[in-house]
Amino acid sequence: MNSNIQILPVQNSRIDTVDFNNLPFGTLFSDHMFTCDYKDGKWQNPTIKAYGPIELNPSAKIFHYGQSIFEGMKAYKDADLNTLLFRPLDNCKRLNKSAERMVIPQIPEELFMDGLKKLLEIDNAWIPTNEGSSLYIRPFVFASGNGFHASPATEYKFIIATAPSGAYFAGKVKVLIEEKYARAANGGVGFAKAGGNYAAQFYPTQLAIEKGYNQVIWTDDTSHEYIEEAGAMNIFVRINDTLVTSPTSDRILDGITRKSIIQIAKDNDIDVEVRKITVKEVVESAKNGTLKEMFGAGTAAVISPISSFGFKEQDFDLPELNNSYASQLKKRITDIQTNKTEDPYGWRVQL
Ligand code: PLP
Ligand code: COI
């Protein structure tokens with residue numbers, strides 16, 4: 001480790017105020033955060049200090065032009081209390097892909113990994129050990145430089161904050177296939193984890209919630225004939241015994257859970273097709289009984305089975321299967337993540 005991180009530990013930990021048996025998702029924060037400033041053309045001042053407010057000028061460009069990107073990762077503990085990460089370098093690479101698209105300076109891999117490892121060392125006791133819980137990690141970078149000129153900032157902050165978390169969704173997930181709004185367009189920033197992508201999802205999602213759904217199934221922006229993502233998750237559809245997922249593109253996030261699930265499914269003799277999925281085939285297969293499962297996959301939500309979907313004022317229920325692909329694949333990936341099984345892929349990283 002040679003990032004020369006300044007460590008300013010808290011005097012009094014808040015950990016005793018946390019009920020680790022009843023964790024919400026992403027609203028309780030660990031004692032410390034990692035921060036680093038980009039100034040005069042370089043990253044400097046890497047520090048670990050108390051999680052808390054940061055001071056920004058009202059003209060900071062993040063407030064006006066939304067120049068911000070983030071990642072989502074998790075840390076786990078195994079039965080021997082080792083600290084584990086899942087494919088962390090993939091998150092770093094994707095952060096830098098997002099950074100390039102949003103004209104944010106690249107984060108050196110060493111800085112990302114050193115900051116993360118040191119933070120997890122200091123806040124190690126915050127990593128939950130209960131099944132289904134983990135430490136959700138949120139690395140993010142935003143324009144802290146000032147000015148109303150609509151151009152990239154010259155100063156940025158890179159922060160890693162963490163939150164011991166339980167399940168992202170409570171209960172069944174009911175989705176609405178979107179016919180009007182889009183989360184992303186060709187040539188746009190859908191493939192990047194840019195903050196504004198999520199803000200733009202809130203309004204259509206709110207309309208869906210008002211109709212009794214939890215999430216929107218995003219369709220392509222031009223024809224709305226193809227399903228692309230499930231809220232902030234990649235989408236998988238099982239028709240008969242074939243698992244289908246949309247190919248990544250300008251509009252679709254290249255999910256780490258998605259690509260891991262594709263690999264695991266193939267290695268467990270599940271037929272996988274990576275191809276465009278039409279709304280029409282989903283509706284028709286729901287009608288003729290060949291639609292067996294739909295689920296979303298992502299770091300926060302892991303694998304979330306969809307219990308029903310709405311389209312053109314009609315709801316279609318999915319069957320409740322024993323030994324579903326969703327449950328098999330969720331078990332396999334979480335067993336790898338938490339060291340309950342061999343990791344033939346080298347995805348698990350022990351700190
Ligand atoms: N799609 C979107 C839009 C997301 O925000 C996420 C979450 O990160 C995903 C898919 C799933 O990606 P991953 O599995 O890398 O978390
Ligand atoms: C994740 O799955 O980690 C994400 O970043 C999605 C987020 C919007 C909760």
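Predicted model: local features only at pLDDT ≥ 70, side-chain atom pairs only at ≥ 80, totals over all residues.

I began with the charges over rings. The charged end of Lys 276 sits over the ring of Tyr 226, and I read 4.6 Å to the ring centre.

I then looked up an arginine. Arg 238 lies over the face of Tyr 325. Its distance from the ring centre is 3.8 Å.

Next came ring against ring. I found 17 aromatic pairs in the structure. I took Trp 43 and Phe 158 as one pair to work through. Their ring centres are 6.2 Å apart and their planes stand at 70°, so I logged the pair as edge-to-face. The cut-off for that label is over 60 degrees.

I checked where the two partners lie. Trp 43 is in strand 3, residues 42–50, and Phe 158 is in strand 8, residues 156–165. The pair therefore ties together parts that are 115 residues apart in sequence.

Are these two buried or exposed? Trp 43 is buried, at 15% relative accessible area. Phe 158 is buried too, at 0%.

I looked up another pair, Phe 309 and Phe 316. The centres of these rings are 4.9 Å apart and the planes are at 20°, so this pair is stacked. Stacked requires planes under 30 degrees apart. I noted both Phe 309 and Phe 316 as buried.

Last entry: which residues form one aromatic cluster? I listed Phe 34, Tyr 38, Trp 43, Phe 112, Tyr 156 and Phe 158. Trp 43 and Phe 158, the edge-to-face pair, are both members of that cluster.

Note on methods:
Residues numbered from 1 in each chain as written. Chains lettered and ligands numbered in written order. Heavy atoms only, no water. Phe/Tyr/Trp six-rings, centres within 6.5 Å; stacked < 30°, edge-to-face > 60°. Helix = DSSP H or I, 4+ residues; strand = E, 2+ residues; numbered from the N terminus. Buried < 20%, exposed > 50% of the residue type's maximum accessible area, 1.4 Å probe, protein only. Lys NZ or Arg CZ within 6 Å of the ring centre and 35° of its normal.
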